[in-house]
Amino acid sequence: MSTPTRAAVVESSGAPFTLADVALDEPGPGEVLVRMVATGLCHTDLGVASGGLPFPLPGVLGHEGAGVVEAVGPDVTGVAPGDHAVLSFTSCGGCHNCRDGHPAYCATWLPLNLIGGRRADGTSTISRAGVPLGGHFFGQSSFAERALVDARSLVKVDPDVPLESIAPLGCGVQTGVGAVWNVLRPRLGDTLVVLGAGAVGLSAVMAAALTPATRIIAVDRVAERLTLAKELGATHTIDAGETDLGEAVALLTDGHGADGVVETTGSVAVLRQGADALAARGTLVVVGAPPFGTEVALDVNGLIPGRRIVGLTLGDGETQTFIPALVQLVKEGRLPLHRLISHYPFADIEQAVRDMKAGKTIKPVLTF
């Protein structure tokens with residue numbers, strides 16, 4: 001038996017999010033029905049809605065959900081109706097990278113999460129008037145009052161932590177935190193540079209503040225975001241509109257350069273500047289994603305002194321352990337995620353989109 005619900009549907013590339021009545025399949029093997037409480041709005045949602053990725057439209061997006069389990073399908077263990085959950089990406093669970101604890105690099109990650117719009121078997125999870133819609137986005141499609149979720153997308157969390165405060169953990173926050181903790185792993189005295197002070201970049205700043213790094217340098221063009229970065233743990237800030245990045249980093253580090261750089265903007269020009277600002281044996285983590293096919297020129301000889309450039313998906317975290325740890329940090333006040341969040345009623349999703357595009361909000365969270 002299907003479950004009726006209300007969802008924000010994108011009808012075609014570039015179309016707005018419009019509320020519509022849809023139906024969800026009943027939970028099948030490995031699936032969970034979740035009543036949504038909150039869901040974050042991410043630039044990836046906007047990119048897909050604009051037609052930047054080949055996701056099947058009309059469709060339902062949303063991939064930073066948080067809610068309460070209502071029903072579980074066959075073979076689902078570990079969660080039960082009434083449990084609180086944060087929703088993240090899905091994965092096959094059986095490929096080499098999944099078995100090795102790196103599900104963000106699942107062999108079937110792209111079709112299962114970003115561009116397929118269907119289950120792995122090709123069936124649809126969501127329909128409207130009997131017509132299948134694109135869904136299964138990150139195994140959840142959480143821009144809806146209820147979502148049919150892959151069990152591998154779902155992480156059971158502490159019910160004492162308000163779900164409205166932790167929805168972004170499923171994507172943007174774990175990406176920024178993971179760039180620092182799982183890739184850069186700062187040592188005592190290191191200098192970290194975070195390029196871009198949006199939700200991902202500020203998450204990286206907060207994560208860096210919980211490490212032995214001595215200098216944490218936030219870079220952006222918006223003064224208010226740089227001020228917030230200082231309040232969240234940055235020791236220095238650079239206004240990229242007024243100062244040359246390489247010169248500023250060299251000055252702050254006595255010519256040493258940055259031991260670690262997190263690039264969140266998706267600009268290849270900024271990426272190149274970050275690479276040039278690296279110290280010998282330094283690492284640049286590429287998080288920001290420009291359109292498919294985008295290339296960047298690098299000075300090959302600049303890489304010879306041990307400099308590394310590493311791509312990153314979703315923080316390279318194992319969600320079942322990583323996300324509960326982040327929830328605990330939020331609960332204890334050591335990861336002040338609330339400083340990034342602005343709440344909007346679900347019906348105001350288009351206003352949240354406009355505010356996000358205009359830079360008026362860092363992380364919009366829709367509430368149900």
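## Two helices in contact

Gln174, Val177, Gly178, Trp181 and Asn182 of helix α4 meet Thr319, Phe322, Ile323, Leu326 and Leu329 of helix α10. Sorted by class, this contact of α4 with α10 comprises 6 nonpolar and 4 polar residues, with no charged residues. The model described here is predicted.

Helix α4 covers residues 172-184 and helix α10 covers residues 319-331; their axes come within 12 Å and cross at roughly 100 degrees.

## The annotated domain

The UniProt record, an unreviewed entry, places the feature "domain: Enoyl reductase (ER)" at residues 14-366. In the model, this span is 26% helix and 25% strand, and its end C-alpha atoms lie 20 Å apart.

## The parallel sheet

In what order do the 6 strands of the open sheet stand? The order is β13-β12-β11-β14-β15-β16, and the pairing is parallel. Strands β13 (236-239) and β16 (308-311) stand at the edges with a single partner strand each, so one side of each has no neighbour in the sheet. From one strand to the next, the twist averages 20 degrees.

Within β13, Ile238 is the residue opposite Val219. Helix α7 (residues 245-252) packs on the sheet, where it touches β11 (191-195), β12, β13 and β14 (258-263), and its direction makes about 160 degrees with that of β13. Helix α8 (residues 268-276) also packs on the sheet; it touches β11, β14, β15 (278-286) and β16, and its direction makes about 155 degrees with that of β15.

## Antiparallel pairings

Strand β6 (residues 84-87) runs antiparallel to strand β5 (residues 65-72), and 3 bridges join them. Here Gly67 stands opposite Ala85 of β6.

Strand β6 also pairs with strand β10 (residues 154-156) in the antiparallel sense, over 3 bridges. Leu87 has Leu154 in β10 as its bridge partner. In general, strands of a sheet pair through backbone hydrogen bonds, either parallel or antiparallel.

## A buried loop residue

Thr90 is located in the loop between β6 and α2 (96-99). Is Thr90 buried or exposed? Its relative accessible area is 0%, under the 20% limit, so Thr90 is buried.

Neighbours within four places in sequence aside, Thr90 is in contact with Trp109, Leu112, Asn113, His136, Phe138, Gly139, Asp150, Arg152 and Ser153.

## A mostly covered helix

How many of the 10 residues of helix α5 (residues 199-208) are buried? The helix is mostly covered, with 9 of its 10 residues buried. These buried residues are Ala199, Gly201, Leu202, Ser203, Ala204, Val205, Met206, Ala207 and Ala208. The elements that cover them include α4, β11, β12, α6 (223-231), β14 and β18 (363-367).

Val200 is also placed in helix α5. Beyond residues up to four places away in sequence, Val200 touches Gly172, Thr175, Gly176, Thr264 and Val287. Val200 and Gly288 are 88 residues apart in sequence, yet their C-alpha atoms are 9.0 Å apart in space.

Key
Residues are numbered from 1 along each chain as its sequence is written. This is a predicted model: local features need pLDDT of at least 70, side-chain atom pairs count only at pLDDT 80 or more; totals for chains, interfaces and linings use all residues. Side-chain values use heavy atoms; hydrogens and water are left out. Axes are lines fitted to C-alpha atoms, for helices over the stretch in contact, and angles run from 0 to 180 degrees between N-to-C directions. Helices (H or I, at least four residues) and strands (E, at least two) are DSSP runs, numbered from the N terminus. Contact means heavy atoms within 4.5 Å. Ala, Val, Leu, Ile, Met, Phe, Trp, Tyr, Cys and Pro count as nonpolar, Asp, Glu, Lys and Arg as charged, and the others, Gly among them, as polar. Two strands pair if DSSP finds at least two bridges between them. Buried means under 20% relative accessible area, exposed over 50%, partly exposed in between (1.4 Å probe, protein chains only). UniProt positions are given in the numbering used here, feature names are shortened, and annotations may be inferred rather than shown by experiment.
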